[in-house]
Amino acid sequence: MAEGSMGRLESKAAIVTGGAHGIGRAYCLGLAKESAKIAVVDLDLEAAEEVARTIGEQGGEAVAIYADVSSEASTIAMAANAAEALGSVDILVNNAAFARGADRVPVADLTPDLFNLVMDIKVGGTFYCTKAFMEQITKQGEGGKIVNISSSAGKRGSSNTLAYNAANFAVVGMTQSMAREFGPMGVNVNCVCPGAVDTHRMDDLGRGDTWTNMAANTPIGRNGTDEEIGDFIAYLCTEAASWIQGQSINLNGGTIMEH
């Protein structure tokens, strides 16, 4: 956000978990572009501080906060630190997830420990962070926003991704439950299900034929950009999106359309 300019989220404060890398970083930058104050939350505090510095250099306001979202105690401490740094929190983006790649294995090779870790971070983290921030978000009255991040894998299963599918399908269901419970309190709750987005987190897939084929398999003929998805998340947090509730929105170039 340019110095002295005003965006649609002026005076709002946002938490982004898993905000130091990949699309989480894009969410932080998109929200900051609309003038929200940002808490960049991540296990990787050094990288989170880099994102906060980038936002500051662009004329915004941001802080970096360490948290392990799979730990209830850690999320409670993070919520207190965020409130101290930013004041009351208006927006929560539940983005933290298990590192891509290691969870893509056949069921025969999927250990209980790995399955539980994937679920603890994605599903448990969404639960713990939502619970930690609900009082702050609901006391604002109208205007509180929660955006849960799922995936195209939360809409369609595939082989060798059982834990990843399970976690992301769960987030879609959690979003619907939260939207019905928190809607009467003036809080919008929605979910975004990204497809292939051009961030460094996709480097694990390779930038050769795999990446090219993913783009070719979309009706629109390309993969997404980090700026596109960051801007969309920011839009969902504005007043203009206040009648959107309980939706799990596909952002994938058309690879999944039916639900």
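**Salt bridges, cores and surface of a predicted model**

Reader: What does Lys33 count as, and at what relative accessibility?
Author: Buried means under 20% relative accessible area and exposed means over 50%, with partly exposed in between (1.4 Å probe, protein chains only). Lys33 counts as partly exposed, because its relative accessibility is 34%.

Reader: This is a predicted model, so which pLDDT do side-chain atom pairs need to count?
Author: Residues are numbered from 1 along each chain as its sequence is written, and side-chain values use heavy atoms, with hydrogens and water left out. The model is predicted: totals for chains, interfaces and linings use all residues, local features need pLDDT of at least 70, and side-chain atom pairs count only at pLDDT 80 or more.

Reader: How many helices and strands does the protein have?
Author: Both are DSSP runs, numbered from the N terminus: helices are H or I with at least four residues, strands are E with at least two. The count for the protein is seven helices and nine strands.

Reader: What radius of gyration does the protein have?
Author: The value is taken over C-alpha atoms, and the globule rule is 2.2 Å times the number of residues to the power 0.38. For 259 residues, a compact globule would come near 18 Å. The protein agrees with that, at 17 Å.

Reader: Among contacts between residues at least 6 apart in sequence, what percentage joins residues at least 24 apart?
Author: Contact means heavy atoms within 4.5 Å. For the protein, the share of such contacts that join residues at least 24 apart is 73%.

Reader: Which residue forms a salt bridge with Glu227?
Author: A salt bridge puts a side-chain nitrogen of Lys or Arg within 4 Å of a carboxyl oxygen of Asp or Glu. The closest N and O atoms of the Glu227 pair are 3.1 Å apart. Glu227 sits in helix H7 (residues 226–236) and its partner in helix H1, 194 residues apart. That partner is Lys33.

Reader: How far apart in sequence are the parts tied together by the pair of Lys33 and Asp231?
Author: These side chains meet in a salt bridge at 2.9 Å, N to O. Lys33 lies in helix H1 and Asp231 in helix H7, so the parts tied together are 198 residues apart in sequence.

Reader: Which residue forms a salt bridge with Arg156?
Author: The closest N and O atoms are 2.9 Å apart. Arg156 lies in the loop between strand S5 (144–149) and H5, and its partner in the segment after S9, so the pair ties together parts 102 residues apart in sequence.

Reader: Which residues do salt bridges that share partners join into one network?
Author: The structure holds six salt bridges. Shared partners build one network, and its residues are Lys33, Glu227 and Asp231.

Reader: Which residues of the largest nonpolar core touch the most other members?
Author: A nonpolar core is a set of buried Ala, Val, Leu, Ile, Met, Phe, Trp, Tyr and Cys residues joined through side-chain atoms within 4.5 Å. The largest one has 35 residues. The members that touch the most others are Ile15, Met78, Phe133 and Ile146.

Reader: From which element comes the largest share of this core?
Author: Elements giving two or more residues to the largest core include strand S1 (13–17), helix H3 (72–86), helix H4 (112–138) and helix H5 (162–182). Nine residues make up the largest share, and they come from H4.

Reader: How many residues has another core, apart from it?
Author: Members of this other core include Cys28, Val40, Val197 and Leu236. Its residues number 31.

Reader: What relative accessibility makes Thr126 count as buried?
Author: Thr126 is found in helix H4. Outside four places in sequence, Thr126 touches Asn94, Ile121, Asn148, Val171 and Met174. Thr126 counts as buried because its relative accessibility is 3%.

Reader: What accessible area do Leu43, Leu45 and Tyr66 have together?
Author: Patches take residues with over 30% relative accessible area and no salt bridge, joining like charges within 9 Å and nonpolar side chains (Val, Leu, Ile, Met, Phe, Trp, Tyr) within 5 Å. Accessible areas come from the Shrake-Rupley method with a 1.4 Å probe; for residues, only the protein chains shown count as cover. Leu45 is partly exposed, with a relative accessible area of 31%. Together, the three residues form a nonpolar surface patch with an area of about 280 Å².

Reader: What phi does Ser35 have?
Author: Ser35 is found in the loop between helix H1 (22–33) and S2. Ser35 counts as buried, at 15% relative accessibility. Although not a glycine, Ser35 has a positive phi of about 80°.
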